[in-house]
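Colleague: I'm new to this one. Walk me through it, please.

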Amino acid sequence: MRNATHNAAELLKRQPREPPTISHRLPVRPASASEPCAATQWIQNRHRSFRPRIGIVLGSGLGDLAQAIEQPTRIAYREIPGFPEPKVPGHSGQLVLGLLEGAQVAVLQGRCHLYEGWSLEESLRPLRTVLELGIELLILSNASGGINPRFHSGQVVAIDSHINWLFQSTNSPNRHDSSASILMRHGRTYDARWLAKAQETAEELGFALPCATYLATLGPNYETRAEYRAFGRLGADIVGMSTVPESILAMQLGTPVLAFSVVTNVANPDIPTATEHNDVLAWSSLARSRLEPLVSRIASKYFSTTNRNH
Ligand code: HPA
């Protein structure tokens, strides 16, 4: 099992500073180009002076973070052209525009998972819209099962790599003009500089933020003991049912990604235990006491109009 507590600053040193030879800023077009653009224009027409700098996606049970948004405008997904509506408890389906510690943010409160029956394109529409609003940083959050035994329930970790067990990607050939642009380097999906800043910020708040490799499954079931064991051997530290397509889309559109995961249940493949969705929600809410201050501090430190030191 890899050392999950390695520091992002070390990772940063190992990353080449030059841009990759194959561009990761790809000319991505949605399969049905009109819908996401329609949603973006719909929002921009109604909120002309609103220019979010951070996009935030709130995962299972983490939706309450949206309560910290000041001067909020809440828009139900069903009101926005082309937006799907989440079907899972803990995902309310609201876009919240407002201020977090003085920084303009667009918050997606709830996501639509592939296991609900949405196509990849549909499930990514809300995120695509937020990216099109011109954000400078995307903060993703999710709930996950812990595979690495170093982790404990209620812990917040930062995703620094992933294993795409969905066997689907946002970069399908019909969205690109040339075959060359289909080839992508995923080495920089999770932005190492922002990761180092997040770890530094977590330290200031008094807790460690270990890195983790996230494996995305289609779900909706949690894993069998054999699957947890197998995923651990593959190199996964945590497992969940989202986030990977979102990270890839953001990378394609050139927006840096910070992805936080709340470990809600740690698998012990040799002692049978059942995982219930209610447990997942309970652990998520406990972890909010760390995640909320972390996201808020990042907003105030790096994006508040009165405090710009990044
Ligand atoms: N597996 C997959 N997704 C999850 C888990 C899990 O154990 N816990 C929370 N989300």
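Colleague: Start with Glu101. Buried or exposed?

Modeller: Glu101 counts as buried, because it has 20 C-beta neighbours inside 10 Å. The cut-offs are 20 or more other C-beta atoms within 10 Å for buried, 12 or fewer for exposed, and partly exposed in between, with C-beta atoms placed from the backbone. Bear in mind that this is a predicted model: local features need pLDDT of at least 70 and side-chain atom pairs pLDDT 80 or more, while totals for chains, interfaces and linings use all residues. Residues are numbered from 1 along each chain as its sequence is written.

Colleague: Where does Glu101 sit?

Modeller: In the loop between strand S3 (94-100) and strand S4 (103-109). Helices (H or I, at least four residues) and strands (E, at least two) are DSSP runs, numbered from the N terminus.

Colleague: Which loop holds Thr243?

Modeller: Thr243 is in the loop between S8 and H6. Its phi is positive too, about 70°, and Thr243 is not a glycine. Thr243 is buried, with 23 other C-beta atoms within 10 Å.

Colleague: What about the peptide bond from Gly219 to Pro220?

Modeller: That bond is cis, with omega near 5°. Most peptide bonds are trans. Pro220 lies in the loop between S7 and helix H5 (225-234).

Colleague: Let's zoom out. How many helices and strands does the protein have?

Modeller: It has 7 helices and 9 strands. There are 310 residues, and 44% of them count as buried. Take the contacts with a separation of 6 or more: 83% of them join residues 24 or more positions apart. Two residues are in contact if their C-beta atoms, placed from the backbone, lie within 7 Å.

Colleague: Now helix H6. How many of its residues are buried?

Modeller: 9 of the 9 residues of H6 (residues 244-252) are buried, so the helix is largely enclosed by the rest of the structure. Among them are Val244, Ser247, Ile248 and Met251.

Colleague: What do they pack against?

Modeller: Strand S1 (54-58), helix H3 (120-132), S5, strand S6 (155-164), strand S7 (211-216) and S9. After H6 comes Gly254, with a positive phi near 80°.

Colleague: At what angle do H3 and H6 pack?

Modeller: About 45°, with the axes 10 Å apart. That makes H3 oblique to H6. Axes are lines fitted to C-alpha atoms, for helices over the stretch in contact, and angles run from 0 to 180 degrees between N-to-C directions. Under 35 degrees is roughly parallel, over 145 roughly antiparallel, 65 to 115 roughly perpendicular, and the rest oblique.

Colleague: Which residues make the contact?

Modeller: From H3, Leu120, Leu124, Leu127, Arg128 and Leu131; from H6, Pro245, Glu246, Leu249 and Ala250. By class, that is 7 nonpolar, no polar and 2 charged residues. Ala, Val, Leu, Ile, Met, Phe, Trp, Tyr, Cys and Pro count as nonpolar, Asp, Glu, Lys and Arg as charged, and the others, Gly among them, as polar.

Colleague: Next, Leu138. Which strand is it in?

Modeller: Leu138 is in strand S5. Leu138 counts as buried, with 27 C-beta neighbours inside 10 Å. Beyond its neighbours within four places in sequence, Leu138 is in contact with Gly55, Ala250, Thr255 and Val257.

Colleague: How far apart are the C-alpha atoms of Leu138 and Thr255?

Modeller: They are separated by 6.8 Å, though the two residues are 117 residues apart along the chain.

Colleague: And Asn148?

Modeller: Asn148 is in the loop between S5 and S6. Asn148 is buried, with 22 C-beta neighbours inside 10 Å. Its C-alpha atom is 7.8 Å from that of Val266, 118 residues apart along the chain.

Colleague: Last topic, the ligand. Which residues come nearest?

Modeller: Of the 12 residues around the ligand, Ala143, Gly145, Tyr222, Gly240 and Thr264 come nearest. Strand S5 (137-146), strand S8 (238-240) and strand S9 (257-266) each give two or more residues to that shell.

Colleague: Which element gives the largest share?

Modeller: S5, with 3 residues. By class, the shell has 5 nonpolar, 6 polar and 1 charged residues.

Definitions and conventions
Near = placed C-beta within 6 Å.
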